[in-house]
Amino acid sequence: MLTETTAPAPPAVQVRGLTKSYGELEAVRGIDVQIAPGEVFALLGPNGAGKTTTVEILEGYRQRDGGEVVVLGLDPGRQARALRSRIGIVLQSTGVDRYLTVAETISMYGQYYPHPRDVEEVLSLVGLEEKRDARVLTLSGGQQRRLDVGVALAGDPDLLFLDEPTTGFDPSARREAWEVVKSLAAIGKTVLLTTHYMDEAQHLADRVAVIAAGRIVAEGPPSSLAGRDLVRPRLRFPRPPVAVPEDLGATPVAAGPGTLEIVTETLTGTLYRLTSWAISAGVSLDGLEVLRPTLEDVYLELTGSEPPAAGQDSAAGTRRTRRGRRRSDAASHAEARVGGRGTRR
Amino acid sequence: MSGVDAAPGRSAGGPATSSAPLRRAVVLTLNQVRFVNRAFWRNPASAGFTFAFPLMFLVIFTALLGSGTVHLGARTVKESTYYVAAMAAFAVVTACFTNIAMTTTFQRDQGVLKRLHGTPLPPAVYFLARVLHALLIAVLLVVITSAFGALAYHASVPGGATLGRFVVMLLVGAGAFCALGLAITSFIPNADAAPAVVNLTILPLLFLSGIFIPLGRNAPHWIVGVAKVFPVYHFASGLQAGYLGTSFSWADVGIVAAWGAAGLMVAIRRFSWEPRV
């Protein structure tokens, strides 16, 4: 953190009131984001929430409809060329020439930049030293993704964009990719990553913004998001042989065979009433658990959507019509469940 | 760069600093040609087909029809010699039009182009490198075809002033077919459709223009009439002048160049860096 005596460094990314529509569809409806230099920031949301659109506007691929965007002191809408010398981009689905070797690929991309990073250094950062002379077409999915990050690092950028870096990965490939992102943070790069996996955001990010239907619905460090009272804690215990009284502060409901759950606003009081009743009634509550809301619960509550299972493939940006449909589905869900609560921060 | 002041042959009129970016662009282009070249030779599909097809066809057509003669205007030439000129034209069309259209569509669909567009690489450098590489391959193929024709079939090889005109036609044609290859990319919906679209556009023209079957004197007027609208006929006719001593027409060069210019305009207007739909 900065001390009070130094002038605060300008933010790496500053977004205010960003909007973007594709025809009728409002993909981004007024987003505010600020990312400090050296921060790992995650944009978390379901498919079609507006993550990729937002990121591609920051990268200079798309023009915004409205709002203010400053990335590394530049306007991506008008100064994309200058900006591209200083950013590294890992898109959802991008290829490289399959017949070049890993080292050739990184050195080829490096030469496009004014101050390329040493090829061997890049290889070791992404853990591909042993594959340096292998042709790209022989790499595994996880290795190709690491090469994607390597290519983005070739120009030694100040800011890295990672758009869904682990979508479609098996668990070990995800771990590999996570290690790479952590190594980026360790060398002081600013990272903006998008993801629809809660655990990924929780694991990697200093700060998370949850995005749904083109709006940011929650923002903060992953731990603070999980601690929000959006989702209340639950008491879970095996169903006792006798009826549980109704006056515990909340009504117990069945949660699977032989298990009851109480969702409560007042955890301490409910727990006290439950255990007092159990002792006086001679009921054993072996297996009693207090369940704190996970980031996943918060996420589901905020976005009103089911997260895809890890490893499920998202048809990565190339099918615009399908994406559009998914986006509007997600939009209507989120409106129904999150709507009325407004933007929280 | 520190060596700006010492740069020899600085372009006249420009400010002193303008030579550094220019030199950087040249170096970048040449490096890019090297990488394109490496990838080309390692890809069995591109290298194999581009090189094997013209030579294979030359041998097959000559073996089948090589003993006959073809009437071109007032001249009568051996079919074996005719096919050396025809296959040289075919080789250039394959190396430039077919190869560029296929590779560019594939790279677009794979997201290679989108990734490149996210780097500071100037688009002109990317295209120039691709075109330069295709030109090199085209020239190499013409040299091989000519040498093979001269050795195997005693075909004559252009020389002197004829060679000069031949080279002009070759370079203009190669450039034009590169531009047309880039232009047609914008009409190809995805990589799966690329072979169909490319072959549907070029194969009929190759046949109509007498590349595979000589048109001769008895060719129907409508075939010649249609062929003359498009650049393949004029390109082949320009190359024939080099090999066969038929009359060289600058109009042929002009028509091919016009097609190339039109292709370039379409390519610039319609080119897409991202996968389509």
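E59(A) sits in helix α1 of chain A, residues 51-59; helices (H or I, at least four residues) and strands (E, at least two) are DSSP runs, numbered from the N terminus. This is a predicted model, in which local features need pLDDT of at least 70 and side-chain atom pairs count only at pLDDT 80 or more, while totals for chains, interfaces and linings use all residues. Residues are numbered from 1 along each chain as its sequence is written, chains are lettered from A and ligands numbered from 1 in the order in which they are written, and side-chain values use heavy atoms, with hydrogens and water left out.

With a relative accessible area of 0%, E59(A) is buried (under 20% relative accessible area; exposed is over 50%, partly exposed in between, with a 1.4 Å probe and protein chains only). Leaving out residues up to four places away in sequence, E59(A) touches R84(A), I87(A), I89(A), L91(A) and F161(A), where contact means heavy atoms within 4.5 Å. The C-alpha atoms of E59(A) and A80(A) are 7.5 Å apart, although 21 residues separate the two in sequence.

## Two positive phi angles in chain A

Two loop residues are worth a look in your viewer. L72(A) is not a glycine, yet has a positive phi of about 50°. L72(A) belongs to the loop between β4 (66-71) and α2 (80-84) of chain A, and at 15% relative accessibility this residue counts as buried.

E164(A), also not a glycine, has a positive phi of about 45°. The loop that holds E164(A) runs between β6 (159-163) and α6 (171-186) of chain A. E164(A) is buried as well, at a relative accessible area of 4%.

## Helix α3 of chain A

Eight of the nine residues of α3(A) are buried, among them V102(A), E104(A), I106(A) and Y109(A). What do these buried residues pack against? Their partners are α4 (119-125) and α5 (141-153) of chain A, together with α1 and α4 of chain B.

Chain B has ten helices and two strands, in the order α-α-β-β-α-α-α-α-α-α-α-α along the sequence. Of its 277 residues, 50% count as buried.

The largest nonpolar core has 128 residues, and Y109(A), L147(A), V210(A), M87(B), I211(B) and F235(B) have the most contacts inside it. Such a core is a set of buried Ala, Val, Leu, Ile, Met, Phe, Trp, Tyr and Cys residues joined through side-chain atoms within 4.5 Å. The most residues in this core, 17, come from α3(B). Apart from this core lies another, of 30 residues, including L18(A) and V55(A).

## The largest pocket

The largest pocket holds about 1000 Å³ of space. On a 1 Å grid over the protein atoms alone, a cavity is a set of points where a 1.4 Å probe fits but cannot get out, and a pocket is an open set with protein on both sides within 12 Å along at least five of seven lines; lining residues have an atom within 4 Å of a point. Grid points are joined across faces, edges and corners, and a volume is the space filled by probe spheres set on the points.

Of the 42 lining residues, N43(B), S46(B), N99(B), M102(B) and T103(B) are the closest to the centre of the pocket. α3(B) gives the most to the lining, with eleven residues.
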